[in-house]
Amino acid sequence: MYDLKKGYEVAKEYYAQYGIDVDQMMERCDQTPLSMHCWQGDDVRGLEKREGGLNGGIQTTGDYPGAARNAEELRADIEKAMQFIPGVLKVNLHASYQEADTFVDRNAIKPEHFANWADWAVEKGLGLDFNPTYFSHPKSENGTLSAADEEVRKFWIEHGIACRRIGEYFYKRTGKPCVINHWTPDGDKEFPIDTLGPRLRLKDSYDRIFEATKDVEGVIDGIESKVFGIGMESFTAGSHEFCMGYVMSKGIDHIIMTLDTGHYHPTEVVSAKLGAIFAFSKAVLLHVSRPVRWDSDHVVAFDDETKAIMEELVRLGKLDSTYIATDFFDASINRIAAWVIGLRNTRKALLQALLQPVDMMKKAEADGDVSGRLAIAQEFKAAPFSLVWDYYCDKQNKGVGLDWLEDVRAYEKDVLLKR
C-alpha cells in the first residue's frame with residue numbers, strides 16, 4: 001500500500017489552490033446520510049409467512065448462493081456490508097420484511113411487527129426508512145391503489161395508512177425522520193382505452209392515505225414514477241407526469257418526488273431533471289440504481305450519470321434537501337459485495353462532486369466566460385480525487401481500495417455457503 005498520508009497531502013495541496021477545503025468536504029460527505037436498502041440481501045423475497053414469488057413489474061435475476069433466509073441472517077449480512085461502507089447510514093425496509101409469529105396481511109401490519117428492526121436500529125444508531133409493498137401479493141394482480149375493484153383498492157389504501165403509522169413509529173424510536181417511498185406497479189400490458197380513470201383512482205387513494213394519517217409526525221413521503229415494468233409495458237398509472245403533478249398540486253412539504261435513476265426512458269437522465277424539480281419543490285427523494293437498457297436495477301457504478309447527479313446536487317446547493325437511497329438487487333453475484341460496491345460508489349461520487357470549484361465555475365458563468373467554465377469543469381475530471389477517497393476510507397476504517405474484498409470472500413466461505 002502506498003503512503004496514504006503523503007498522497008492525501010499532495011491532493012490537499014492541489015485542491016487548496018482552487019480554494020477547496022478537503023477536510024471540510026470530507027466531513028460534509030461523511031455526514032450526508034445514505035439509505036441502504038435491505039432487499040439486496042434476499043432478492044426482494046421478504047419475510048412474510050406466505051408462499052409465492054415476485055410480481056408486479058419486479059424481477060431478480062441470478063441464483064448466487066447465500067441469500068438471507070430470515071431476519072437474523074439479513075441483519076447480520078447488512079452489518080457485514082456496513083463494515084466497508086463509510087459515512088452515515090440508514091436502513092431502508094419494505095413492508096414485506098415484517099416479523100410476525102403468524103401471517104399478518106399487509107393491511108393489518110402494525111409497528112409491533114417491526115419492533116425487532118427498531119430495536120436493532122436503535123442499538124446500532126441507525127435511522128430507518130420504509131416502503132409500502134404494493135406488489136408480490138394476490139391482491140396486486142389487477143392493480144393496487146388504482147384498482148377498479150373497490151374492495152381491492154380499499155385493502156391497499158389501508159396498507160398505505162398502516163405504513164405511515166409504522167414510519168412514525170420508526171421516527172419516534174430512532175429520533176430520525178423516516179422517509180417512506182410509495183411506488184405502485186399498476187398498469188397494463190396492452191394499451192388501455194381509459195387512461196384517466198386509473199389515475200383518478202390513484203390520486204384519490206393517495207389523498208385518502210394522507211388524509212387518514214394527517215396527524216403522523218416525522219415522516220416524509222416520496223411519490224415514485226416509472227416508465228414501465230414487466231406486465232405493464234404499455235401503460236403505467238403512476239407515470240412521471242402523474243407523480244410530478246400530484247406532488248406539485250398538493251404543495252405539502254412532506255410529500256415529495258422520488259426520482260429513481262432506472263425509471264425513465266434510456267435517453268432521459270435524472271441529473272437533468274433535478275433543477276426543474278427543485279424550482280417547485282423543497283426536497284427530493286433520490287433512488288440511486290443503474291439501468292442497463294431498462295429498469296434492471298444493476299449495482300450502482302461510479303459512472304457518468306451517478307457522478308452527474310451528485311455534481312448537480314452540489315452545484316444547486318440542494319444536497320441537504322435530498323434524501324439519498326440506493327435501490328438495486330442482483331442475485332448473480334455475492335450479495336454483500338453488491339451492497340459494498342454500490343454504496344461505496346454512491347458515496348465516492350458524492351465526495352468527488354464536493355471536491356470541485358463550484359464557486360469558480362459559477363463566477364465564470366455569471367461573467368459570461370463560457371470558455372473558462374468549460375475549461376474548469378474538464379480540468380477537474382483528472383483531479384487527484386482517488387488520493388482523497390483512499391485517505392477518507394482509511395480514516396473511517398472502512399478498507400482502502402480492494403482491502404474489503406478478501407474479508408467478504410471469507411464471510412461467503414464461512415457463513416453464506418453454509419446456508
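**Close-up 1. Helix α7 packs its buried residues against α6 (197-212), β6 (219-224) and β8 (255-260).** This view, like the others here, comes from a predicted model. The residues of α7 (240-250) to look for are His-240, Phe-242, Cys-243, Tyr-246 and Val-247, which are buried. Follow the chain just past the end of α7 and you reach Gly-251, whose phi is positive, at about 60 degrees.

**Close-up 2. Helices α6 and α7 cross at roughly 40 degrees.** Their axes come within 11 Å. The crossing of the two helices is right-handed. On the α6 side, the contact is made by Arg-199, Leu-202, Lys-203, Tyr-206, Asp-207 and Phe-210; on the α7 side, by Phe-242, Tyr-246 and Lys-250. Sorted by class, this contact has five nonpolar and four charged residues, with no polar ones.

**Close-up 3. The largest nonpolar core has 118 residues.** Tyr-15, Ile-78, Trp-117, Phe-130 and Phe-170 touch the most other members of this core. Helix α10 (residues 335-354) gives the most to the core, with 11 residues. Apart from this core lies another, of five residues, including Val-179, Ile-220, Ala-283 and Leu-285.

**Close-up 4. Here are the contacts of Phe-170 beyond its neighbours within four places in sequence.** Its partners are Leu-93, Phe-114, Ala-118, Leu-128, Asp-129, Phe-130, Gly-175, Lys-176 and Cys-178. One of them, Phe-130, is listed with Phe-170 among the residues that touch the most other members of the largest nonpolar core.

Terms used: Residues numbered from 1 in each chain as written. Predicted model: local features only at pLDDT ≥ 70, side-chain atom pairs only at ≥ 80, totals over all residues. Heavy atoms only, no water. Buried < 20%, exposed > 50% of the residue type's maximum accessible area, 1.4 Å probe, protein only. Helix = DSSP H or I, 4+ residues; strand = E, 2+ residues; numbered from the N terminus. Contact = heavy atoms within 4.5 Å. Core = buried A, V, L, I, M, F, W, Y, C linked by side-chain atoms within 4.5 Å. Axes fitted to C-alpha atoms, helices over the stretch in contact; angles between N-to-C directions. Left-handed = near helix turned anticlockwise from the far one by under 90°. Nonpolar A, V, L, I, M, F, W, Y, C, P; charged D, E, K, R; others polar.
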